[in-house]
Amino acid sequence: MSSSEETTAASVASALFSSDDTSLAEGFRDKVAALHEFFDRDKDGFLNHSELRGLQLLTSGEEMNIPTYLMACKSIGCDPQQGISGWSS
């Protein structure tokens, strides 16, 4: 990831902690959708292992291995071959 991508991603990620939204649920949903859109590199509407790994690495500094990805997919009932989908309105 380039420096400008990291800066943009960090800006999007830091928006999660903003408290200026009138509706927490609505604001949270919008922020999750923005993060999802930013990290969905192939623009298929899903975060595959590589894309979710990038999100985790940038936001927590931690790697996401395949077993962790598979566990995350299983816990929310998504197909690991397809990835984790974003929220729809």
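Trainee: Which elements each supply at least two residues of the lining of the largest pocket?
Mentor: Those are α2, α3 and β2, with β2 covering 84-85. A pocket is an open set of points on a 1 Å grid over the protein atoms alone, where a 1.4 Å probe fits and protein lies on both sides within 12 Å along at least five of seven lines; lining residues have an atom within 4 Å of a point.

Trainee: And where does the largest share of that lining come from?
Mentor: From α2, which puts in 3 residues.

Trainee: What's the volume of the largest pocket?
Mentor: About 240 Å³, taken as the space filled by probe spheres set on the points, which are joined across faces, edges and corners. It has 12 lining residues, and V32, L47, L52, L55 and I84 are the closest to its centre.

Trainee: How do the lining residues divide into nonpolar, polar and charged?
Mentor: 9 are nonpolar, 3 are polar and none is charged. For that count, Ala, Val, Leu, Ile, Met, Phe, Trp, Tyr, Cys and Pro are nonpolar, Asp, Glu, Lys and Arg are charged, and the others, Gly among them, are polar.

Trainee: What should I keep in mind about the model itself?
Mentor: It's a predicted model, so local features need pLDDT of at least 70 and side-chain atom pairs only count at pLDDT 80 or more, while totals for chains, interfaces and linings use all residues. Numbering runs from 1 along each chain as its sequence is written, and side-chain values use heavy atoms, leaving out hydrogens and water.

Trainee: OK, zooming out. What pattern does the chain follow along the sequence?
Mentor: It reads α-α-β-α-α-β, so 4 helices and 2 strands. Of its 89 residues, 26% count as buried, meaning under 20% relative accessible area with a 1.4 Å probe and protein chains only; exposed is over 50%, and partly exposed is in between.

Trainee: Which residues make up the largest nonpolar core?
Mentor: There are 11: L35, F38, F39, L47, L52, L55, M64, Y69, C73, C78 and I84. The elements giving two or more of them are α2 (24-39), α3 (49-60) and α4 (66-76), and α2 gives the most, with 3. A core here is a set of buried Ala, Val, Leu, Ile, Met, Phe, Trp, Tyr and Cys residues joined through side-chain atoms within 4.5 Å.

Trainee: Is L35 buried or exposed?
Mentor: Buried, because its relative accessibility is 7%.

Trainee: Switching to loops, where does G83 lie?
Mentor: In the loop between α4 and β2. G83 is buried, with a relative accessible area of 2%.

Trainee: What is G83 in contact with, leaving aside neighbours within four places in sequence?
Mentor: F46, L47, N48, Y69 and C78, where contact means heavy atoms within 4.5 Å.
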